[in-house]
Amino acid sequence: MMVKQVIGQAAFVGFAEFKHVYTPKTWLTGWMLRLVSQVVFFGLVGKMAGDRITAEYVLLGNAVTVIAIEATLVITTASLERYQGTYPMLVVSPTNMGLVYLGRGLHWVLAGLGSSALVFALVWALFRPDWNWRVAVFALPCLIVIGLGAYVYGAILAACSLRHYKFRWVYLNFGFMVLMTFCGTNVPRSFWPAPIEWATQVLPLSHGLTAMRTLAAAGPLSDVLGQLGLEVCVAALWAALTLLFFERIASKGRRDGSLNFTS
Amino acid sequence: MIEVTGLGRVFVKKGRQAKRAKQSGPTAQDSRVVALDSVNLSVPEGETHGVLGPNGAGKTTLVRILSTMLLPTSGRALVAGHDVTTEADQVRRRIGIVFGGDNGLYTRITARQNLVFWATMYRVDASVVKRRSQELLERVGLADRADEPVEGFSRGMRQRLHLARGLIGDPAVLFLDEPTMGMDPLATRDFRDLVHELKAEGRTILITTHDMSEAEALCDRVSLVDHGSILVTEPTATIGRMLSGHDRIDVTLREDQSPLLSELAGLPQVERVDKLSEPGSVRIHTVSADANPVVLRWLLDAGIDALRTGRPTLEEVYVHLVGNRGLTV
Ligand SMILES: Nc1ncnc2c1ncn2[C@@H]1O[C@H](COP(=O)(O)OP(=O)(O)O)[C@@H](O)[C@H]1O
Ligand SMILES: [Mg+2]
């Protein structure tokens, strides 16, 4: 299967690059510290603002959202692609660049999984939340599905950032701010006006996070699986859009002349 | 293999760039750049074709269109029998692209891994990938560094890897855009040998350059390009005939011989005498090939023995048509 090989090769390049993004030390002192402070901050705000329930709600939301945020960093991979001049070469190869990008930034999902797991462990140790044990058991598959969903969503933003290179940081920040704000991290989705709440149904993170919350509250497993299934559907939708978007930016680039050998 | 008819490309500058252009001149024309203007070109299978011209002539634009990186705004181009606009995918499977400079590679992985990556992108059969990568690495002289990350490679090594990358899909048509830009002379010589090999394999090659000796060494035919138009397309070996059908005589006069100059110019067999850049050197254009022996005899009798005969070179044709802009010899 060519599809598998393309995604595999693309992921391979990503993982090779990832080894140079962080050393264990810079990861711990930089990225991890930032994440933990964020989680602790929201946890404390939750504690001060209300009861233990609120605090635990916010803590769970943030610990899960970590992987979604990190997965959208595929946008920075696209910037690197452009910087090193491989972007136009991918466009004119006989393979859809969207397919390449279904694999090209997968290392961010794995990194996000690590971050999320670490934050979970810390939250458990520091705040002793009253979560059902099932969270610990089913966290891994849930987080993987959430991570992949956020990743393909990020891949589309990566396509957009290749097109509007000047705004790549805007796309990155906008990308994860939308997820963090509307998809149920700190406040329930029902808090938002109906149209926004409705829109979050097709955003990654929403259903996966609901699944995790159902697990924590010892809700029925069938609900959890239903929510996860929805999260998978959302991911599939964004994956299909990724293929389309990369085709689109390629043909737009061909039309306006922004693809060149040197950039 | 390459059929280009009426091909044109106009760039429209947008936003701030266009505003700036409008400030410096009131017409709307200022925000439009005609990079390619109705180009016609036909390159048969197996030919190595050179596209020569100064910077900004439109060489890269032509290659970008033919390699499906850019859409034309007018005209049509077929590569390997497929239209670059409507059948880009078919074209992409049949071409290889190499451009000068050291960009365009994944630096964190090895040379071999780069080739395997691109082989996958070019849908090379999995059973062939390994062997072909190894063959190409040997061919471009990178076999002993094949398993090192590209980030440690010199510019020349990266360029060789580029060439291997361009060949990974076993392309019928190869586009080389200023491939030797920045290469040292030794690397350039190796590169030329390799292009000869590729030609012997029957591949069609389109190479852009502003290096005359490169074009002369490699190309069956050349097209001279300037301001987005092809000025002339001729076989490299006989392009000099455009200026003169027969040999001219270059002579160098000693200082005491300079009075002979007017006498020489007055000979009935001599059409005209041009000064060359070296002091005391002149080029004698005779009226016909038959006139040459007579003039040579006259020169020797007059004691002028620093002389040389020859056809007009590609370089002279270039200077004649384009001028001295962007010339490297
Ligand atoms: N993307 C673009 N937008 C605007 N003008 C362009 C663009 N690409 C090329 N040009 C213009 O087209 C002309 C031809 O450029 P190019 O084909 O790169 O020349 P060459 O390769 O012969 O040096 C130049 O005047 C260049 O400025
Ligand atoms: Mg050029």
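I will cover the ligand, then a pocket, then the record for chain A.

First, the ground rules. This is a predicted model, in which local features need pLDDT of at least 70 and side-chain atom pairs count only at pLDDT 80 or more, while totals for chains, interfaces and linings use all residues. Residues are numbered from 1 along each chain as its sequence is written, chains are lettered from A and ligands numbered from 1 in the order in which they are written, and side-chain values use heavy atoms, with hydrogens and water left out.

Now the ligand. Ligand 1 sits between chains A and B. Which residues come nearest to ligand 1? Out of 13 around it, they are B:Gly56, B:Gly58, B:Lys59, B:Thr60 and B:Thr61; a residue is near if one of its heavy atoms lies within 4 Å.

Next, polar contacts, meaning pairs of N or O atoms within 3.5 Å; within protein, one must be able to donate a hydrogen and the other to accept it, and residues adjacent in sequence count only if both atoms are side-chain atoms. The side chain of B:Thr61 has an N or O atom 2.5 Å from an oxygen atom of ligand 1. For the side chain of B:Lys59, again to an oxygen atom of ligand 1, the distance is 2.9 Å. B:Arg64 places a polar side-chain atom 3.4 Å from a nitrogen atom of ligand 1. Taken alone, ligand 1 exposes 560 Å², and the protein buries 70% of that (Shrake-Rupley method, 1.4 Å probe; for residues, only the protein chains shown count as cover).

Which element gives the most to the shell around ligand 1? Helix 2 of chain B does, with four residues. Helices are DSSP runs of H or I, at least four residues, and strands are runs of E, at least two, numbered from the N terminus.

On to the second largest pocket, which holds about 560 Å³ of space. Its lining has 28 residues, and those closest to its centre are B:Leu243, B:Arg248, B:Arg283, B:His285 and B:Glu316. Among the elements of chain B that each supply at least two lining residues are strand 13 (281-286) and helix 11 (314-322).

Last, chain A. An unreviewed UniProt entry places "domain: ABC-2 type transporter transmembrane" at residues 27-214. In the model, that stretch is 77% helix and 0% strand, with its end C-alpha atoms 31 Å apart. UniProt also lists transmembrane regions in chain A, including 133-157 and 169-187. Residues 133-157 are 96% helix, with end C-alpha atoms 36 Å apart. For residues 169-187 of chain A, the figures are 74% helix and 25 Å.

Notes
UniProt positions are given in the numbering used here, feature names are shortened, and annotations may be inferred rather than shown by experiment. On a 1 Å grid over the protein atoms alone, a cavity is a set of points where a 1.4 Å probe fits but cannot get out, and a pocket is an open set with protein on both sides within 12 Å along at least five of seven lines; lining residues have an atom within 4 Å of a point. Grid points are joined across faces, edges and corners, and a volume is the space filled by probe spheres set on the points.
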